[in-house]
Amino acid sequence: MSAANLRGHGRHYPEGSLRSPAGLEDNLIDMDKTNFTNLFAAFDREASSRYCALRQTARERFAALPLPTTRGEDWRFTSIAPLLETPFDLPAAVSVPLPPAVGPRLVFVNGRYAKGLSSPMPNGVRAGSLADIDAIQISQIASETDSPFTALNSSFLSDGACIIVPDGVVVETPIEILFMSRPNGKPIVTHPRVLLVAGKNAQATVIERYLGDGVYFTNAVTEIAVGEGAVVDHVKVQSESDTAYHIANTQIVMAAKANFTSHNLSLGGALVRNEVRVRFDGEHAEATVNGLYLAKGKQHVDNFTVIDHAKPNCASHEIYKGVLADRAHGVFNGKIFVRKDAQKTDAKQTNKVLLLSDDATINTKPQLEIFADDVKCTHGATIGQLAATQLFYLRSRGIPLEQARRLLTFAFANDIVNRVKIESIRAELEERIV
Amino acid sequence: MLTIHNLHAKVADKDILRGINLTVNPGEVHAIMGPNGSGKSTLAGVLTGRDAYSVTDGEVLFEGKNLLDMAPEERAGEGVFLAFQYPVEIPGVSNSYFLRASVNAVRKHRGEPELDAASFLKVVKQKMKVLHMPEDLLKRPVNEGFSGGEKKRNEIFQMAVLEPKLCILDETDSGLDIDAMKAVADGVNALRSKDRAMIVITHYQRLLDHIVPDFVHVLSQGRIVKTGGKGLALELEAHGYSGN
């Protein structure tokens with residue numbers, strides 16, 4: 001285990017540690033799924049028939065899979081109790097005003113494709129609503145066998161965003177996918193779905209954005225297939241309302257010589273779980289999996305990543321940074337698997353957390369399972385606070401305390417922000433922090 | 001400009017300053033010398049509001065206002081500047097971002113309008129020229145990867161940009177070779193004016209060959225035990241602090 005700098009309420013649990021965190025719901029073993037299953041019938045009356053069989057299979061899996069509890073290792077610090085206690089409704093079709101698009105975008109409001117708010121896609125790209133496009137890859141990338149939430153998402157599969165970039169097509173302009181939730185009085189649940197397929201030597205940049213008001217549950221699944229020699233730059237901006245629940249599984253499969261970059265920016269939500277799973281399915285591919293999470297108040301943000309080095313000669317770089325204020329709770333669990341044949345793997349993982357208050361908590365755990373013998377794997381976790389010497393230095397130059405704190409927070413997050421290639425998103429993050 | 005009266009301060013439970021009295025008028029340069037542990041840096045810290053120190057007695061008036069009641073940023077706004085003995089590195093924040101935030105915070109305190117990016121750059125570029133600062137300075141993170149000499153010059157550069165009324169230089173010569181020290185001293189001398197006062201804290205006389213003071217004070221065990229003209233520094237150099 002490399003650097004683990006513990007301060008504040010930081011906890012760095014070694015693998016296999018049996019310490020039990022206090023204050024977490026732990027008696028959810030027999031949780032009730034009817035909160036979701038009783039919506040099936042009403043959903044089917046309106047849903048497209050294209051995915052009828054797929055929904056049925058998924059519902060069977062959802063019924064068979066136990067819901068995660070804090071007794072299991074993968075959900076140890078995140079209780080889903082609020083999701084089962086809140087009575088969610090299917091969302092109504094609503095129309096919302098939205099500023100005109102500056103680039104190509106697909107908009108979904110309350111789970112439905114909003115054609116009027118969307119804008120034309122770049123030339124050569126097949127994109128639109130999943131309800132209108134035959135995409136054989138759907139449900140082929142995201143694993144439903146071990147994730148009840150993914151199975152639940154597929155149980156409601158009808159609409160969603162589909163972007164297919166054919167072989168050799170290079171798309172310069174970022175394509176934005178916007179999911180908005182607008183409950184009308186009662187809490188609602190949506191199951192956003194994204195399928196992004198980049199063909200051989202194709203290139204594309206996709207922004208996935210989540211917004212909303214009030215109390216709702218977003219259970220998102222994103223499937224990304226990066227073809228041989230393809231380059232995909234993916235940015236997820238999670239700006240849900242501060243009373244929203246957001247559970248997302250982003251799953252990526254990479255062909256030989258593929259290059260994938262993801263920035264997972266988690267800004268909103270009351271209870272957030274981001275899962276990112278990358279699987280190397282060909283040699284000489286490279287994945288950059290970065291994340292930035294900002295949480296305050298009583299927000300709970302759990303980042304769970306899995307990098308599966310299933311093939312030799314691939315590289316993965318992972319940096320997650322978190323800024324936790326007030327009573328916020330952050331969780332980072334970074335798994336890296338290096339399979340037996342995956343020689344010459346180069347995997348690097350870093351998790352850094354800035355605690356802005358004595359009451360904020362982080363649980364961070366790197367988890368490396370290496371079965372090959374000729375690999376380079378490093379990981380490190382640090383937990384720190386704003387340095388008093390830096391604060392005083394800024395204040396001695398006239399910068400007020402609160403501004404100095406924000407400036408240093410931005411400095412902490414800056415190396416993630418700077419790696420995002422889309423300028424407007426960098427500006428948005430700077431605005432948000434400073 | 002600055003009146004220190006019977007100032008007592010401690011760090012943790014240790015008394016460091018035990019009754020400092022000092023008056024500094026506009027245009028004057030005061031050197032404060034003394035052996036290690038005599039309280040030189042504590043005095044600088046107390047004047048600028050470092051929270052490691054607690055003042056137990058006495059008062060400090062800056063232009064008639066109670067300096068000790070002010071937050072560090074207010075003191076900077078009023079025109080007090082400390083050139084740090086150990087300038088702090090701030091990775092992730094560029095010098096230009098930092099300096100602009102600083103200049104505008106100070107301007108705001110003084111009730112002046114904030115500078116936009118263009119006018120800020122104009123002011124800064126001109127000062128960089130005077131102090132021979134490297135071109136890429138503005139883009140680089142604050143003090144990160146700077147040599148000792150560069151860090152100290154960056155302090156003087158910030159001082160030039162902020163145009164304070166009272167400059168406190170805390171061991172600005174420490175760790176510098178003779179060329180770097182001359183460069184820093186030239187920068188300081190360029191900022192001397194009839195409206196600006198300076199307190200130069202140093203362990204060695206050599207800096208005072210380049211920044212010639214009007215007064216030299218010897219600090220020992222938290223008190224000023226001797227005051228004289230610039231000749232006093234030479235005496236100390238010849239006979240040491242224990243020669244007093």
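Helices (H or I, at least four residues) and strands (E, at least two) are DSSP runs, numbered from the N terminus.

## Basis of the model

This is a predicted model, in which local features need pLDDT of at least 70 and side-chain atom pairs count only at pLDDT 80 or more, while totals for chains, interfaces and linings use all residues. Residues are numbered from 1 along each chain as its sequence is written, chains are lettered from A and ligands numbered from 1 in the order in which they are written, and side-chain values use heavy atoms, with hydrogens and water left out.

## Helix α3 of chain A

Helix α3 of chain A covers residues 52-64, which makes 13 residues. From its first C-alpha to its last it reaches 19 Å, close to the 18 Å expected at 1.5 Å a residue; the expected span is 1.5 Å times one less than the number of residues.

A:R55, A:A58, A:R59 and A:F62 are buried in α3(A) (under 20% relative accessible area, with exposed over 50% and partly exposed in between; 1.4 Å probe, protein chains only). Seen down the helix axis, the buried residues of α3(A) fall within an arc of 105 degrees, so they line one face of the helix; the arc is that of the directions from the helix axis to the C-beta atoms. A:A53, A:E60 and A:A64 are exposed on the other side of α3(A). The cover over its buried residues includes α1 (34-37), α2 (40-46) and α5 (148-155) of chain A.

## Strand β17 of chain A

In strand β17 of chain A (residues 300-309), 10 of the 10 residues are buried. Both faces are covered: one side holds A:H300, A:D302, A:F304, A:V306 and A:D308, and the other A:V301, A:N303, A:T305, A:I307 and A:H309.

Strand β15 (residues 271-280) of chain A runs parallel to β17(A), and nine bridges join them (two strands pair if DSSP finds at least two bridges between them). A:V278 has A:I307 as its bridge partner in β17(A). β17(A) is also joined by 10 bridges to the parallel strand β19 (residues 329-338) of chain A, where A:F332 stands opposite A:N303.

## B:L47

B:L47 lies in helix α1 (residues 40-48) of chain B and counts as buried because its relative accessibility is 1%. Leaving aside neighbours within four places in sequence, its contacts (heavy atoms within 4.5 Å) include B:L2, B:V60 and B:I199.

## Interface between chains A and B

Chain B and chain A bury about 1,900 Å² between them, 65% of it on carbon and sulfur atoms; buried area is the accessible area (1.4 Å probe) that two parts lose on being put together, summed over both. Chain B gives 29 residues to the contact and chain A gives 19 residues.

Two salt bridges are counted between the chains (a side-chain nitrogen of Lys or Arg within 4 Å of a carboxyl oxygen of Asp or Glu). A:R397 forms a salt bridge with B:E155, with the closest N and O atoms 2.7 Å apart.
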